[in-house]
Amino acid sequence: MKKIFNYILLGAIFVGATSCEKYLDINENPNNFTSATPDLVLPQAIVGSASLTSTFNTTMGDIGGQRANGGGFGGFGAVVTYQWTANDGGFSGLWTGTYDNVNDYEYVIRETSGDPKLAFSTSIARIMKSMAFARLVDQFNDVPYSEALKGNQNLTPKFDKGQDVYQDLVKQLDTAMIAITAGQADPAVNSLKSSADPMFGGDMDRWKRYANTLKLRLLIKMAGVPELQSVTGPAFASFDTSIGFLTSDAVVNPGYVKTDRPNPTYNALAYSTTGATQQTSRIPTKWMYSFYNGVKLTDPYRGGAVYRSFPSSIVNQLGDESTGVPQAPASGTSWSVLTDNNDSDAIGITKGPAASQIVMTAAESFFLQAEAYERGYLSGNAQTAFDNGIVASFTYLYKDASNTVAAGKDVAADVAAYKAANNTSYLVNYELAASQAQRIEAIITQKYIALNMISNDEAYNEFRRTAYPAIVNGSLDPVRTFASRQSTSPRADKLPSRLLYPQNEFNLNPTNVPTGVDQFNSKIFWDIND
Amino acid sequence: MKKLLQSLFLLLFVASTAIAQERTVTGTVTAQEDGLPLPGVGVVVTGTQIGTQTGVDGKFTLRVASNAKSLTFTYIGYAEKTVNIGSGAMNVVLTQDLNALDEVVITAGGVSIQRREQGNQATTIKAAELTQAKAFNVGSALTGKVAGLQVNAVSSGVNPSVRLVLRGNRSLLGNNQALVVVDNVIVPTSILGNINPEDIEDIQVLNGAGAASLYGSDASNGALLITTKKGKKGVTKITAGQVTSFETVAFLPKLQKTYGSGTGPDDVPSYTPYENQQYGPAFDGSMVEIGKPLADGSIQTVPYSWSGEKNDFWETGVSSQTDLSLSSGDEKGSYYASGQYFTQNSTVPGDEYNRFSFRVNGSRDLGHNLNFDFSTNYVQNRYDQSSDVGNAYNNVLMTPGHIPLTRYSDWETDPYANPNGYFNEYYPNPYFTLDNNRTKNRNDYLTGNAQLKWSPITPLSFLFRVSLATRNQSNKGWTNKFTYSDYRLGITSNFSNITGGVNDGAFFETRVNPEFQAQYISKLGKDFSLNTILGASMRDDNSKSIGVSSSNMVQAGLFNVTNTTGNIGGSEGNARLRQMGVYADARIGFRDFLYLHVSGRNDWRSVLAKDNRSFFYPAADISFIASDVIPFLKNSEAVNSVKLRGGISEVGLVNIGAYSLVPTFTQQYGYPYNGIPGFGIGNRIVAANLNPEITQSQEAGFDVEMFRSRLVANFTAYQSQTTDQTIPVQIASTTGYTSFLTNTGEVENKGIESALRVIPISTNSGLEVTLGANYTYNKNKVISLSDDQDQLILGTFGNASIAAVEGEAFPMMQGTTYNRDPQGRIIVDAITGFPSVTAAQVNLGNTEPRHRLGLDGTISFKGIQLATVFEYRDGYIMYNGASTGFDFSGAGIRTTYFNRERFVVPNSSYLDPATNTYVENTNITTRTGGVDFWTNGPSNTGVAQNYTYSAAFWKMRELSITYDLPKSLLKNVGIISGARVGIQGRNLFLFAPKANLYTDPEYSAFDSTSNAIGFSSLSQTPPGRFFGFNLSVTL
């Protein structure tokens, strides 16, 4: 009996063991993809970068001079004192959001670089990853780069110096441009469907120009640093200007719709998906307003496009929490000329829920060129580039939700009128600038105006690098500086100099986070001003 | 054993005939638990050997000497009883003796063994004890009755969910709840709220992992084995019952009753008729206007005094339970069928629940040594609840004390109750909130099993069993559209029209579980016995959920996703898990006093990687009946039995669901757009070699019975170490990911479980008093987490978090506190007198009780039985996250602690700038003591410690009085053979420390499966006390 029993048992185990494998092999996920082809990942990563452009823009507005606290709210605390902590959610969002986003590009590069046919995808991912890392260095300086994005291969990546990251990003952009050029000559390389490229619709020439403009932005920032001039000198000497630079705005539109996936800028600066007015605690600064309302410059053209109720918009000075500070308008934010939450098409910053999201303006491209020509980095006509920059700025702001200049708007006429209205200001009329310093001031000030509520972060970066637009250090006059009235900064300009690393990095990568970093004394490597 | 006893009785019977007899005594012996006759009960004249046995009908006839005073009745599994001989026929009721060593109990794997063989702590709860207070949730019915078992009703409302934990929390993030097994089928814990308590024969609680390890990887948390009723041989019985119960609010938060609506910056209170904040002037009884005028100019006027209506908002809940059951059996088979209908109205206005359940159990002897058994249970329940109870409660608290709140229930027709005319400028009418946000749920459960057992030869049997558990659910939720009048929008800028939304979903889960078992029971020689089991089981779990939702309703009142202008969103989730297990179990007995039990099980789980999915659980325990061996115990008059026991085990718990091993890609940033997909990499990476969590546990204890079972005690000490916790470790986002699911960390639990039961009074006249107590102590500690992390946040609520912190008890409450000087005094500002809050969260205390004490008592006399259960818990804290509702609104009692006047913060100090030292503050009063202080974050509402309090409590869990109508009375009614009437109450009283201003410490703001225990919010409405009456008749 016992023997028979043993045989039965042995047999059962044998049969069981073989069918067992099959029975248990059911752990394949029916709910989510566990792998995705690069052409599924790349477009959403580009849309993610565009969304982050809006996040950087909004987040940096308080520091960069464009945004102030509104009345009716209390407790702005660190927003107006600059006494940030590493816990500050807004800033850590820039960090984590960027790393989440670049991880997607890293995936695309990893998955496609082995296949020459996919050279365009690889190159686009390389360009976008470079853009995103540069944006991160511009706020955090040293960041994990060479050891980052390795998953559990390296749970505590080291921090690379900001300037080293920049140098590698220039190389990455060169690699991408060379690969695209080679790919364009090779019929075997897959061209991109326009639906797979929500930024340039598969136009690889425009990708190259975008990459070249990014490269110019990086090199100009590096060129001011004496120890990096041995790098930037040869880089400018061998600069391939034949590729050209961005001549039209780089915008992304995967098909934004109002109800649940609107344009990120519209969502941040106009209305939420439920129709609620955003930015109820924030209004424009008197500082920024002075570039439009005649205090510094007269610009009812762009002022009327950017601000609700121009020239009598509700404005404040950052840090002024006294009673009587007006509340944000209830019907729509001060940066939106949309009539209400049913309006879907307007000019200015918040063009509409379905409008394209700006990633880089043509204006910035022209102002970068102007600076490069003015400083002799590259050869070209600085004034032409400067004037083109102003025209491009008007053009972008005059575009409506369909990304074309709105009917009834005449860019050329208004630019001419703008020049006439400010006919004594070298900030508008380049030929009046008497020195290189004034010419650079004009270029950067116009860039600052052109990037208002479009790329507040880059406007603030350029202020830190060049000290333009000029401010009066320590002034409490709301149009002479954009430093907060309640600033606790020990610096002469009463401003912060950089963001703090997020708390999570201290918690989770403690041995590598640079120590001794604070928001007043530590600077980004290209910040050569005091 | 049984045979031996029988032949002994036979012998006695034969012997007794030889003695001279003088009179005849007749009678019937029945069982206390069901009133049915007991055949084979030994009946002897007390102090002699003269006796007989009862027949099949429980009747006996015995001739006794005229001087015989009493008879003693003995029956295996029942307490011995001595009854005076009276004049008429004797009706003797025997009570089950649960701790008798020879009682047969069901243990893991459905195996029947004698209690003497059991080497682990186990407690049996019989039907009578379970249903004495007519709890409609089986989990609640166990509360306070079992050493080591912690039962928390984590919420209020209809059919609240219950969390059951044995021997503390072991897993940081995974499941800690006891395994629930009904008739040998592992079922979801939610069954406890759905199974009919009247269907249960008994519940065997296996406290430790070792006892349950045969169930495999789900058993590390111990198990509750529920056995449902079967028909009895030769007895046909029909029982009908009705229970009606009322629920009233038992504990209300402490609210201030002195100040009405308004606000008072700088301590100058002013009355505002439409204000929600209650920082206005003190009540003075004068007539005041409330709200703003309606469109027609009318306005309400009420006395400015405490109306008490905030507390009257909660209604009296009513529940009704109707039962019918039928059982019958003959020599070849038996069956049991029952039905129950239960309805409940909540204390929350408008919330309803009903449940219908139906059960058929049967067994049949098919001949040829074949036995067939089956049980089936169908349950359906229906919920109709508000989905916004938390906000409604908040809106109640946002109602100043003089407002006649209950008059606003009819918001549709009463212009002052309608949102267009409601007095409150900032918060909606709570009745409107309840009505306008609702959810309906329906659940249908079908569980059952069928088994065939074949014994080709006596010692050997084969068993094949298939079980099924399914749940089928659908739900519908909506927020109705409401458009305000232009007049209201014109005078109130705070309101915007409610656009409405609808969601609809469905879900099913099915578990199929075939199992095979071979058992061999035999004597090995003269001294040894052997009971061996080999088994194999498979399990297949399949579930699917789908949901659709949409917003922006076109028309109010039509709750269909198509009645919207928003995009209809859809979701789908599927999960399939499989498990295979083989197990072996052997008990070797030596001379009926020493038993060694070893078991082993190997599982294969589909959710783990191929190389890791096989794992093995060994367990061993030993039982030694000292009283059968050690002479002084053996010969002791006082001691009936002493059992020593001990066990060790190792069990693995798989704490991941299906498909957790591979990172996923999801559509992000609004994708898909217009037909174009886009995917991003998820934020979690998973360790390549993920393994189950392993719990190693050891226990040792003893069971003692003394004084003819009138004193029963047991004691167990245990400890467990759970290692390789499955934790999504937070990682730096610079890795490209934010969490890394891996095995790391260790938790230790240590504790004791003890129980004592005494029968101090048991008279021949039938008066019996039983007193019981059980005490549990559990202490746990997080030994380690991971190299990169010394704490892990499980949940955050308000300004507090629940965390696992290395070196501390788990779960640990962390929260903000006041900045304090080195002496622990609160630092206040030298000018404003205001304290300030810490930026960081500090450890505030553990949130699970260290000590738990259950007390119970039963008095029975001539058919009347009084039973009660008390429970005490202590050694833990709780946080109420509703500071907005209480202190921002000014409704909370704390805001009046200093009569809303400037005050010196007690035990405070300030920094003296001259000396740079902290000086005791005796005279710097707060700048204000009114709205500015109490609604301010840094000085009050942002300080988590202000809302943290001892969660200790005493509860009167149960009180019931039942009366069994005498048989003599029922004879006249004819077919009725038994009738019982009773009154019952549950959770009648809650005594909590004064510091508990808020609510029931059993509550949890998160659901019962979350380990983030210690928060309560306004979503848990005030706890209820239940009381009512019951009636049952037996045919």
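This is a predicted model: local features need pLDDT of at least 70, side-chain atom pairs count only at pLDDT 80 or more; totals for chains, interfaces and linings use all residues.
Helices and strands are taken here as DSSP runs, a helix (H or I) having at least four residues and a strand (E) at least two, and they are numbered from the N terminus.

## Chain A: the loop between α16 and α17

On that basis, A:S475 lies in the loop between α16 (456–466) and α17 (503–508) of chain A. The side chain of A:S475 comes to 2.9 Å from the backbone nitrogen of A:D477. When neighbours within four places in sequence are set aside, A:S475 touches A:R480 and A:T481.

The loop between α16 and α17 of chain A also holds A:P469. The peptide bond that leads from A:Y468 into A:P469 is cis, and its omega is near -5°.

## Chain A: helix packing

Two helix pairs of chain A are described here, beginning with the one that involves α16(A). Helix α15 (residues 436–450) of chain A packs against α16(A) at an angle of about 160°, and the two axes are 9 Å apart. Because angles over 145 degrees count as roughly antiparallel, α15(A) is roughly antiparallel to α16(A). The crossing of these two helices is left-handed. On the α15(A) side the contact is made by A:I444, A:K447 and A:Y448, and on the α16(A) side by A:A459, A:E462, A:R465 and A:T466. Sorted by class, the residues in this contact of α15(A) with α16(A) are three nonpolar, one polar and three charged.

The second pair consists of helix α5 (residues 119–140) and helix α7 (residues 204–223) of chain A, whose axes are 11 Å apart and meet at an angle of about 30°. Angles under 35 degrees count as roughly parallel, and α5(A) is therefore roughly parallel to α7(A). The crossing of α5(A) and α7(A) is left-handed. From α5(A), the contact draws on A:F120, A:I124, A:I127, A:M128, A:M131, A:A134 and A:D138; from α7(A), it draws on A:M204, A:W207, A:Y210, A:A211, A:L214, A:L218 and A:K221. The contact of α5(A) with α7(A) comprises 12 nonpolar and two charged residues, with no polar ones.

## Chain B: strand pairing

Strands of a sheet pair through backbone hydrogen bonds, in either a parallel or an antiparallel manner.

| Strand pair (chain B) | Bridges | Direction | Example of facing residues |
|---|---|---|---|
| β1 (residues 23–31) and β7 | five | parallel | B:T28 and B:N91 |
| β46 and β51 (residues 908–912) | two | parallel | B:I827 and B:S909 |
| β48 (residues 851–861) and β49 (residues 864–874) | 11 | antiparallel | B:F861 and B:I864 |
| β49 and β54 (residues 953–964) | 10 | antiparallel | B:I864 and B:Y963 |

The β1(B) and β7(B) pairing belongs to an open sheet of three strands in the order β4-β1-β7, with mixed pairing. The edges of this sheet are β4 (59–64) and β7 (90–94) of chain B; each has a single partner strand, so one side of each is left without a neighbour in the sheet. From one strand to the next, the twist averages 30°.

Another open sheet of three strands in chain B has the order β46-β51-β52, and its pairing is likewise mixed. Its edge strands are β46 (826–827) and β52 (917–920), each of which pairs on one side only.

Strand β49(B) takes part in two of the tabulated pairings, with 11 bridges to β48(B) and 10 bridges to β54(B). B:I864 of β49(B) is the bridge partner of B:F861 and also stands opposite B:Y963 in β54(B). Two residues lie between the strands in the hairpin of β48(B) and β49(B), and one of them, B:K862, has a positive phi near 45°.

## Chain B: backbone features in loops

Most residues other than glycine have a negative phi, and most peptide bonds are trans. Chain B contains exceptions of both kinds. B:N552, a residue other than glycine, has a positive phi near 65°, and its place is in the loop between β29 (528–551) and β30 (569–590) of chain B. The peptide bond between B:F810 and B:P811 is cis, with omega about -5°. B:P811 is situated in the loop between β44 (800–805) and β45 (812–815) of chain B.

Methods: Residues are numbered from 1 along each chain as its sequence is written. Chains are lettered from A and ligands numbered from 1 in the order in which they are written. Side-chain values use heavy atoms; hydrogens and water are left out. Axes are lines fitted to C-alpha atoms, for helices over the stretch in contact, and angles run from 0 to 180 degrees between N-to-C directions. Angles under 35 degrees count as roughly parallel, over 145 as roughly antiparallel, 65 to 115 as roughly perpendicular and the rest as oblique. A crossing is left-handed if the near helix is turned anticlockwise from the far one by less than a right angle, and right-handed if clockwise. Contact means heavy atoms within 4.5 Å. Ala, Val, Leu, Ile, Met, Phe, Trp, Tyr, Cys and Pro count as nonpolar, Asp, Glu, Lys and Arg as charged, and the others, Gly among them, as polar. Two strands pair if DSSP finds at least two bridges between them. A polar contact is a pair of N or O atoms within 3.5 Å; within protein, one must be able to donate a hydrogen and the other to accept it, and residues adjacent in sequence count only if both atoms are side-chain atoms.
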